[in-house]
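Biologist: Hi, I'm new to this one. Could you walk me through it while I have it open?
Modeller: Happy to, here it comes.

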Amino acid sequence: MRYKLAVIPIPVFLIILYFLYSGLNKDPTLIPSPLIGKSVPEFSSTTLIDNKIITNQNMLGKSYILNVWGSWCYGCSLEHNFLIDIYNTDTIEIYGLNYKDSRENAIEWLRSKGNPYKKIIFDSDGDIAIDFGVYGAPETFLINENGIIIHKHVGPIDNKYFNDVLLPKIKK
Amino acid sequence: MITEIGNLFLSISATLSLCMFSIIFLKKFIDVDLRYAFCKNLSFIVLSLIFLSFSFLVYAFLIDDFSLRYVASNSNISLENIYKFSAVWGAHEGSILLWVLILSLWSACIPLFSGKIPKRIVIDMISIMGVLLLFFLVFILFSSNPFDRIFPIPLNGKDLNPLLQDPGLIIHPPLLYIGYVGTSVPFVFAVAVLIDGHIETEWISWLRKWVISSWVFLTIGISLGSWWAYHELGWGGWWFWDPVENASFMPWLAITALLHSLIVSEKRGIFISWSILLSILTFSLSLLGTFLVRSGILVSVHAFANDPERGLYILIFLSLIIGSSLILYFSRSSKLIFYREYSVTSKEFILLINNLFLTITTFAILLGTLYPLITSSLDLGKISVGAPYFNFIFSALMLPVVFLMAPAVYSNWSKTNYNSLSKKLGKILFYSLVIAYVWMNFYYKSDIFIVYLGISLALFTIISSTIKMFQIFDNTFEKNYFKTLLSIPSSIIANSLAHIGIGVLIIGVTVSTYYSSQKEIIMVKGSEILIKDTKIKFVDVEGKLSSNYTSQMGIFDAYKNDKYVISFFPEKRTYNIQKNVMTEAAIDSRLMRDIYIALGENIADDSWVVRIYYKPFIQLLWYGVGLMILGGFFGIFSRTNSVNNN
């Protein structure tokens with residue numbers, strides 16, 4: 001009886017190994033989200049800069065991009081200049097979700113690098129991000145005028161990705 | 001020159017590690033003493049070689065040799081010397097080299113402190129260490145070499161990540177690694193015993209010291225990391241359930257379970273097979289942690305450079321080492337199962353429950369950490385679980401463990417008289433409940449149930465452990481108190497201090513979590529604000545220059561009852577090279593409270609965003625950890641085991 005119990009750790013280990021291996025093979029930036037086709041989760045928070053209340057209702061009416069970022073996040077600094085380009089060309093509005101950050105660091109970061117966001121939701125403890133299924137910063141969601149999530153991308157976005165993948169979906 | 005010598009030494013060490021490993025296959029051909037001498041000397045030589053190549057890397061950092069890619073990407077001429085030194089382990093390549101250095105240090109310690117362990121077991125242990133060393137050395141040489149060159153040679157380096165330019169970060173990684181890598185000793189012991197198929201009580205006493213030592217270092221390492229987060233990240237928090245934090249916490253939980261199951265194995269000769277499995281589990285979790293941190297499959301707040309290829313290499317090694325030891329465990333462990341009867345009121349049973357809960361907790365945290373991977377490979381999308389999951393599951397599973405600490409200490413082996421136990425502890429439990437109730441209702445005027453539960457259980461543990469420690473005074477006729485005090489067995493001091501530490505820590509955590517005040521406001525120079533009992537006055541902001549950053553330093557004065565208490569100087573630093581802005585919070589720590597001020601944004605000429613925290617009793621968290629570590633040291637140096645052997 002006892003002898004047979006000693007076998008248990010082996011399948012447990014194999015199962016864990018399988019998940020680790022599959023995680024390794026899947027590009028962590030290509031992640032299907034269960035939220036695609038569904039509404040933006042309900043939330044209520046404050047905006048980063050002027051500390052006003054913002055909820056999911058405030059963002060309805062126009063399609064927009066929701067970009068999850070933090071001043072601590074290296075990938076975010078990579079895509080930042082491109083977000084500024086979008087802002088300058090006025091293609092689509094960008095909202096920010098400031099993730100696991102402190103207000104002062106985030107504001108200083110925007111001050112030195114420029115602010116492409118229409119409004120930024122402040123989410124210092126990451127609670128809203130959990131509802132969005134955020135896995136790590138940066139992440140980008142494409143959301144339509146009815147507040148339905150159309151697309152999700154994990155990792156920095158660039159000009160090519162925007163033109164090839166996001167723009168066709170925006171135009172639809 | 002540094003490159004060539006560094007690489008040469010690492011290659012020789014790898015070859016010698018292979019020799020060390022091959023000894024395990026030469027049992028039949030070479031005599032024991034010769035094999036022993038061979039292993040022992042090899043482990044010393046490997047240690048010296050790795051130490052020398054590590055020193056060369058340190059030297060390269062100190063003389064700003066930017067021809068090394070690793071130095072160029074992690075240092076800078078204007079960096080202070082102490083940070084040039086700690087930059088050695090500031091990124092992936094150097095961390096792994098430090099890891100190997102510590103692994104070779106532990107393996108050289110095995111023959112030095114082998115005690116009563118027979119030579120044949122020591123030889124096997126060192127051989128298995130050899131294969132671990134071999135893997136990491138090959139890993140360094142082929143995919144993480146800190147001695148790689150860069151051309152053209154840059155004039156200056158990219159600077160060390162400013163987050164890491166903090167005194168806490170100088171010693172945090174080495175101490176954490178000593179603990180982390182220290183789990184390899186119980187692992188190689190477990191494998192050697194499984195190969196040998198035989199175990200003796202003396203060996204378990206010996207193993208217990210090693211386990212306590214790595215437990216102590218792991219505890220110091222984790223708490224330093226936490227202390228660093230509290231002081232440096234500027235969020236006012238100290239634990240975030242981040243994958244990297246969990247990676248160090250899971251081995252800690254497993255080794256804590258091991259520590260307790262070894263007590264039973266040593267004193268009663270049972271749970272031996274379980275202890276062996278826990279030893280394997282603990283080291284597996286350390287390797288898994290290394291994999292999680294280095295592979296980049298989980299995104300972490302700790303911004304490390306990641307590389308899936310390195311991850312694959314670690315994963316292959318991990319599956320070979322852990323897989324083969326589990327198969328070995330399956331085929332051999334039946335020899336190590338012993339039976340002895342014990343009742344449900346025995347110490348054995350309580351420690352069994354303790355182990356059960358600690359193991360379940362470890363797996364619950366593992367599940368939470370790997371959750372995004374699991375859901376993604378089952379095509380459920382990537383979902384992460386956050387602090388709410390961990391906080392809930394951890395406190396729910398830990399409450400029974402904390403509650404059982406007192407009964408575990410007071411019960412006897414084999415069978416305890418339930419009535420006398422409940423009479424002794426019932427009184428203490430009653431007083432704890434009353435004190436906690438009075439404290440909460442009259443001091444905080446609050447009745448949150450979970451806080452009440454936490455504080456009363458913590459008091460229960462603290463009071464019962466303190467009484468246990470001084471119990472000796474009840475039955476002594478010695479008049480000299482000092483002499484009696486010295487005669488308390490150090491094993492009792494060890495477990496009492498560690499348990500009191502846990503209690504103190506729980507009070508610190510619960511009270512500071514539930515009764516903190518936080519203000520985030522705009523202050524004009526000269527204005528004042530009241531937080532709890534303290535008035536904070538915003539005096540001024542001054543510019544400050546340092547060799548590699550410029551900073552704006554706020555000046556705040558605190559008054560209590562209109563009497564000046566202390567000044568705060570929170571800073572906002574801009575690092576010249578990476579252009580990063582860092583918040584340096586100013587903290588005044590007292591036993592009863594911490595006041596924590598962070599300087600925010602300059603909104604208009606004289607008005608600034610200021611963040612102030614008032615955290616009651618958060619210091620108890622660090623005191624609690626300190627007591628646990630002190631208890632650990634008493635455990636390492638306790639003499640009781642040798643007395644038992646006589």
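Biologist: Which residue does B:Asn602 stand opposite in β10(B)?
Modeller: That would be B:Trp608. Before we go on, keep in mind that this is a predicted model.

Biologist: Noted! How many bridges join β9(B) to β10(B), and which way do the two run?
Modeller: Eight bridges join them, and the strands run antiparallel. β9(B) covers residues 593-602 and β10(B) covers residues 607-616. A hairpin of four residues links the two.

Biologist: What about β8(B), how does that strand pair with β9(B)?
Modeller: β8(B), residues 586-589, pairs with β9(B) in the antiparallel sense over four bridges. If you want a spot to look at, B:Ala586 has B:Ile597 of β9(B) as its bridge partner. These two strands also form a hairpin, with three residues between them.

Biologist: Is β9(B) mostly covered or uncovered?
Modeller: Mostly covered: eight of the ten residues in β9(B) are buried.

Biologist: Let's zoom out. How many helices and strands are there in chain B?
Modeller: Chain B has 20 helices and ten strands. Its radius of gyration is 27 Å, close to the 26 Å that the globule rule gives for 646 residues, so chain B is as compact as a globular protein of that length.

Biologist: What box do the C-alpha atoms of chain B fill?
Modeller: Roughly 85 × 75 × 60 Å, taken along the principal axes. Of the 646 residues in chain B, 50% count as buried. Looking at contacts in chain B with a separation of 6 or more, 74% are between residues 24 or more positions apart.

Biologist: I also see helix α9 in chain B. What does α9(B) reach from its first C-alpha to its last?
Modeller: α9(B) spans residues 201-232, and its 32 residues reach 46 Å, close to the 46 Å expected at 1.5 Å a residue.

Biologist: And why is α9(B) said to be largely enclosed by the rest of the structure?
Modeller: Because 26 of its 32 residues are buried.

Biologist: Over to chain A, then. Where is the kink in α3(A) centred?
Modeller: On A:His80, where the helix, residues 74-89, kinks by about 40°. A:His80 is also one of the buried residues of α3(A), along with A:Gly75, A:Cys76, A:Glu79 and A:Leu83.

Biologist: What do those buried residues of α3(A) pack against?
Modeller: They pack against β3 (64-69), β4 (93-99) and α4 (103-113) of chain A. Just after α3(A) you'll find A:Asp90, which takes a positive phi of about 65°.

Biologist: Which residues of β3(A) point one way, and which the other?
Modeller: A:Tyr64, A:Leu66 and A:Val68 point one way, while A:Ile65, A:Asn67 and A:Trp69 point the other way, and all are buried.

Biologist: How do β3(A) and β4(A) pair?
Modeller: In the parallel sense, over six bridges. The chain gets from β3(A) to β4(A) through α3(A), in a right-handed β-α-β crossover. Within the pair, A:Tyr64 has A:Glu93 in β4(A) as its bridge partner.

Biologist: Last one: in which sense does β3(A) pair with β6(A)?
Modeller: Antiparallel, over five bridges, with β6(A) being residues 139-143. Look for A:Leu66, which stands opposite A:Phe141 in β6(A).

Note on methods
Residues numbered from 1 in each chain as written. Chains lettered and ligands numbered in written order. Predicted model: local features only at pLDDT ≥ 70, side-chain atom pairs only at ≥ 80, totals over all residues. Bend = angle between axes of the 7 residues up to and from the residue. Buried ≥ 20, exposed ≤ 12 C-beta atoms within 10 Å, placed from the backbone. Contact = placed C-beta atoms within 7 Å. Pairing = 2+ DSSP bridges. Right-handed = clockwise from strand over helix to strand, strands pointing away. Rg over C-alpha atoms; globule rule 2.2 N^0.38 Å. Expected span 1.5 Å × (residues − 1).
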